[in-house]
Amino acid sequence: MVDLGKILGAGADISKLQGVVDFIADHKDELEASVQVARDLPAFLRLLSSGLADAGTHASKAGAALAGASGATGRVGDSAQSLAAISSSLSSVGKLVGDAAIDISKVPLMGGPSRQLASAAHAVADTQGTLDGLADNLKDISELLDTVGNALERLGTTLGATGREATKFVGT
């Protein structure tokens, strides 16, 4: 039999060593589970780092699709400008129709057509107001899309960097 006193040196407290042995024996199942976790950790980190990097790529692409002149932001903003231009044209048409209604009302027996033209001028003005509101809403949506797009791009960059850092832990 091995003399632990000789191996550990004179004055070694063998009872402490017995405590360690007892601990290992008492917690054998937990230690085995911990060893299994340690074995599985590299594969998990590879999967995690790959997933983070992929998520980063997709978030960046989604952000780019939303933000900027070529993304949804630009298209919605262009639509807002087009509606504003249409609204401006309708305003001019409404003014012309309203002026014509006033002029026609001065002609004898033209009161009916004059009122119809005046009514048409009001309808054009109402439509123009609705288009202005729609253009404003589209402009607001464009700004929101740009904010979300930029945030997604930043998220993508961060996720990609996190994935690359996680990869360093497993050496791949």
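## A walk along the helices

Just after helix α3, Gly 68 takes a positive phi of about 85 degrees. Helices here (H or I, at least four residues) are DSSP runs numbered from the N terminus. Before going further, keep in mind that this is a predicted model, in which local features need pLDDT of at least 70, side-chain atom pairs count only at pLDDT 80 or more, and totals for chains, interfaces and linings use all residues. Residues are numbered from 1 along each chain as its sequence is written, and side-chain values use heavy atoms, with hydrogens and water left out.

How far can you trust it? pLDDT is the predictor's confidence in each residue, from 0 to 100. The chain averages 89, and 92% of the residues score at least 70. Confidence is lowest in helix α1 (residues 4-8), with a mean of 65, and highest in α4, at 93.

Let's start with α3, which covers residues 28-66. This helix has 39 residues and reaches 55 Å from its first C-alpha to its last, close to the 57 Å expected. That expected span is 1.5 Å times one less than the number of residues. Even so, α3 bends by about 40 degrees at Leu 41, and Pro 42 follows within four residues. The bend is the angle between axes fitted to the seven residues ending at a position and the seven starting there.

Which residues of α3 are buried? They are Leu 45, Ser 49, Leu 52, Gly 56, Ala 59 and Gly 63. Buried means under 20% relative accessible area, exposed over 50%, and partly exposed in between (1.4 Å probe, protein chains only). What covers the buried residues of α3 includes α5 (111-170).

Now on to α4, which runs over residues 72-105. At 1.5 Å a residue its 34 residues should span 50 Å, and the end C-alpha atoms are 48 Å apart, which agrees. The buried residues of α4 are Thr 73, Gly 74, Val 76, Gly 77, Ala 80, Leu 83, Ser 87, Gly 94, Gly 98 and Ala 101. They pack against α3 and α5.

Take Thr 73 from that list. Thr 73 counts as buried because its relative accessible area is 9%. Leaving out residues up to four places away in sequence, Thr 73 touches Leu 66, Ala 67, Gly 68, Ser 142, Leu 145 and Asp 146; contact means heavy atoms within 4.5 Å. So Gly 68, where we began, turns up again among the contacts of Thr 73, given the 4.5 Å limit on heavy atoms. A polar atom of the Thr 73 side chain also lies 3.1 Å from the backbone nitrogen of Asp 146.

Further along α4 sits Leu 83, buried at 15% relative accessibility. Beyond its neighbours within four places in sequence, Leu 83 is in contact with Leu 131, Leu 134, Ala 135 and Leu 138. Leu 83 and Leu 138 are 55 residues apart along the chain, and their C-alpha atoms are separated by 9.2 Å.

Leu 83 also belongs to the largest nonpolar core, whose six residues are Val 76, Ala 80, Leu 83, Leu 131, Ala 135 and Leu 138. α4 and α5 each supply at least two residues of this core. A nonpolar core is a set of buried Ala, Val, Leu, Ile, Met, Phe, Trp, Tyr and Cys residues joined through side-chain atoms within 4.5 Å. In soluble globular proteins, nonpolar side chains tend to be buried together.

Setting aside residues within four places in sequence, Ser 87 is in contact with Gln 128, Leu 131 and Asp 132.

The loop between α4 and α5 holds Leu 109. Its phi is near 65 degrees, a positive value in a residue other than glycine. Most residues other than glycine have a negative phi. Is Leu 109 buried or exposed? At 85% relative accessibility, Leu 109 counts as exposed.

Not counting residues up to four places away in sequence, Leu 131 touches Leu 83, Ile 86, Ser 87 and Leu 90. By contrast, the C-alpha atoms of Leu 131 and Asp 40 are separated by 61 Å.

Conventions
A polar contact is a pair of N or O atoms within 3.5 Å; within protein, one must be able to donate a hydrogen and the other to accept it, and residues adjacent in sequence count only if both atoms are side-chain atoms.
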